[in-house]
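I opened a new notebook page for this structure. My entries follow in the order of looking things up.

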Amino acid sequence: MKIVSNTQMKQLDRMTIEQYGIPGILLMENAGIAVFHEVYHHLQMMGGKQVAVVCGRGNNGGDGFVVARQLFQHNIKVKVFISGNPAVIGGDAKTNLEILKRLEVPIEVISPGENKNVFLGQLKQYDLIVDAIFGIGLDRNVDEFIGRVIETINEAEKTVVSIDIPSGVNAADGSICGTAVKAHKTIVFQLPKLGNINYPGSYYTGEMIVKNIGIPQEAIISLNPRIQMITTDWVKSILPKRKADTHKGDYGRVYIVAGSTGMTGAAMLTCEAVLRSGAGLVKVAIPQSLNNIMEVRLTEAITVPLPELKKGVVGISDIEKIMKTMSQSDAVAVGPGSGQSRELEEVLRNIFENSTTPIVLDADALNSLANRKELLKLLKGPAVLTPHPMEMARLTQIAVEDIQKNRVEIAGEFAQKWNVIVVLKGARTVVAAPSGEIFINTTGNPGMATAGSGDVLTGIITGFIAQGIEPVSATAAAVYIHGLAGDMAAGDIGEYGMMAGDIVTHLPHALKKIVGK
Ligand SMILES: NC(=O)C1=CN([C@@H]2O[C@H](COP(=O)(O)OP(=O)(O)OC[C@H]3O[C@@H](n4cnc5c(N)ncnc54)[C@H](O)[C@@H]3O)[C@@H](O)[C@H]2O)[C@@H](O)CC1
Ligand SMILES: Nc1ncnc2c1ncn2[C@@H]1O[C@H](COP(=O)(O)OP(=O)(O)O)[C@@H](O)[C@H]1O
Ligand SMILES: [K+]
């Protein structure tokens with residue numbers, strides 16, 4: 001499902017009205033009815049009877065007027081509160097406000113002089129509050145008066161349904177314009193806005209319900225938004241069916257260069273995730289002195305000990321062996337728990353110069369590249385870089401806070417500039433392709449903020465690529481499945497106690513949930 005900015009959504013509204021001749025008031029009616037159905041259903045479930053609709057001056061408020069009319073005509077007790085001067089309401093919103101007046105739906109204007117406690121007392125009388133103050137038109141910080149209205153809605157401690165986006169959330173990026181409504185549910189029109197998906201906006205959005213309001217699919221296709229949300233259906237369409245008449249060679253050979261003294265666990269988690277993601281075979285290149293440990297810990301993977309110059313660190317001295325195994329592999333991952341060394345840098349340079357095998361670079365491989373990004377220019381095959389925000393900061397020399405504020409832009413620019421696939425990890429992982437295409441992931445939970453989670457992701461991405469899935473799709477699908485496995489682990493044992501190994505354990509269940517086998 002595509003995700004749009006507020007500017008793109010406005011463009012879509014305009015195209016719908018001007019090019020397809022669908023009047024704005026019809027879109028507003030569709031939007032209001034969609035919200036009404038959700039509100040009505042919710043009221044019935046909770047046994048509620050009374051609704052307050054808090055409306056602003058724009059079209060979001062206009063949607064609120066339609067919701068109020070629909071509720072009124074379905075015999076629900078409803079009252080409309082207008083925040084600010086109703087004289088400035090115009091266009092389709094005004095038409096709907098006039099209808100409410102003729103129907104004698106109760107309307108009250110809340111003005112800046114209003115006593116907050118009086119308004120709070122009023123709101124508390126209702127079972128549910130519809131938030132229709134601002135939608136995608138919010139373009140600056142809310143002033144003190146509107147801020148008070150928003151805070152009062154939150155303090156009323158009632159079920160809140162926001163229209164399109166919680167008022168106060170910037171639809172362009174999910175930042176908060178001073179203060180914002182904390183919704184239980186948000187009914188989003190046609191397509192999610194970035195502000196519904198990105199944090200903190202996503203937190204204020206609560207449960208997101210996307211409703212069609214009649215914007216033609218043709219308009220969306222011609223606008224061609226470059227960002228999409230990874231969905232279950234999409235992942236299902238990406239993962240190939242396993243045919244009966246196949247053998248392990250058909251499911252890809254993976255080569256993992258990982259692990260160093262004290263960090264054999266990283267290599268182990270990556271290998272297990274590769275196999276749990278359905279790949280046929282995995283070989284792990286491990287510093288010689290660690291081979292015995294790995295042999296004991298890994299049952300299904302084949303270990304390939306490498307000579308080491310420094311104890312416990314992969315050496316360049318046997319680069320030919322590395323290159324040979326690479327040439328026999330369908331995908332390779334380098335970096336989990338490798339430790340940072342000149343040796344590793346040289347290994348990377350050799351691989352980049354001489355191999356076309358798709359490569360996934362994680363952890364210490366990324367840190368090694370931080371000061372030698374120009375090495376990426378040598379790449380002959382597809383590459384996936386999987387930085388967490390701190391690794392991205394090292395790669396870009398941009399502060400972590402600034403990266404977090406512009407995750408999509410920064411990942412996208414890096415991917416295009418260096419012609420690599422970037423996975424910027426964290427809550428709402430961003431996958432950016434060199435083509436400019438962007439994916440945002442919504443699975444996963446804070447229980448995954450635990451040592452080794454990233455190593456598991458590297459294994460899944462490499463495993464999917466080895467199975468012949470096109471690298472960008474393989475990466476986005478892997479990110480989704482990784483988060484889903486994390487969500488299933490959290491569902492079983494909770495976010496507090498889960499470890500990376502639990503994500504691996506739940507990986508088969510997550511895959512089964514998607515592909516059904
Ligand atoms: N034809 C359309 O464009 C449609 C719009 N729809 C609804 O309309 C919404 C967008 O409507 P609008 O563009 O009218 O904008 P909003 O209703 O989001 O905002 C209202 C007005 O408030 C002003 N404003 C912005 N920030 C402010 C602030 N901090 N303090 C005070 N005033 C501020 C803006 O100038 C804007 O015109 C959508 O989110 C959706 O709910 C739907 O009815 C479907 C059709
Ligand atoms: N709050 C969260 N919500 C969703 N996913 C998360 C969250 N915290 C961490 N993750 C995921 O867990 C993984 C952690 O990876 P990383 O930071 O590299 O950990 P490590 O280096 O310990 O393996 C990433 O895929 C990240 O997206
Ligand atoms: K709203």
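What percentage of the residues of the protein count as buried? I found that 52% of the 517 residues do, where buried takes 20 or more other C-beta atoms, placed from the backbone, within 10 Å of the residue's own. I note that this is a predicted model, where local features need pLDDT of at least 70, side-chain atom pairs count only at pLDDT 80 or more, and totals for chains, interfaces and linings use all residues. Residues are numbered from 1 along each chain as its sequence is written, and chains are lettered from A and ligands numbered from 1 in the order in which they are written.

Next I looked up the secondary structure, which comes to 21 helices and 18 strands; these are DSSP runs (helices H or I, at least four residues; strands E, at least two) numbered from the N terminus.

I then turned to ligand 1. I found 29 residues around ligand 1, the closest being Gly58, Asn59, Asn60, Gly135 and Gly137; a residue is near if its C-beta atom, placed from the backbone, lies within 6 Å. H3 gives the most, with five residues.

Last, I checked how H2 (residues 24–46) packs on H4 (residues 91–103): the angle is about 60° and the axes are 9 Å apart, the axes being lines fitted to C-alpha atoms over the stretch in contact, with angles from 0 to 180 degrees between N-to-C directions. I put H2 and H4 down as oblique to each other, since angles under 35 degrees count as roughly parallel, over 145 as roughly antiparallel, 65 to 115 as roughly perpendicular and the rest as oblique.

Notes: Buried ≥ 20, exposed ≤ 12 C-beta atoms within 10 Å, placed from the backbone.
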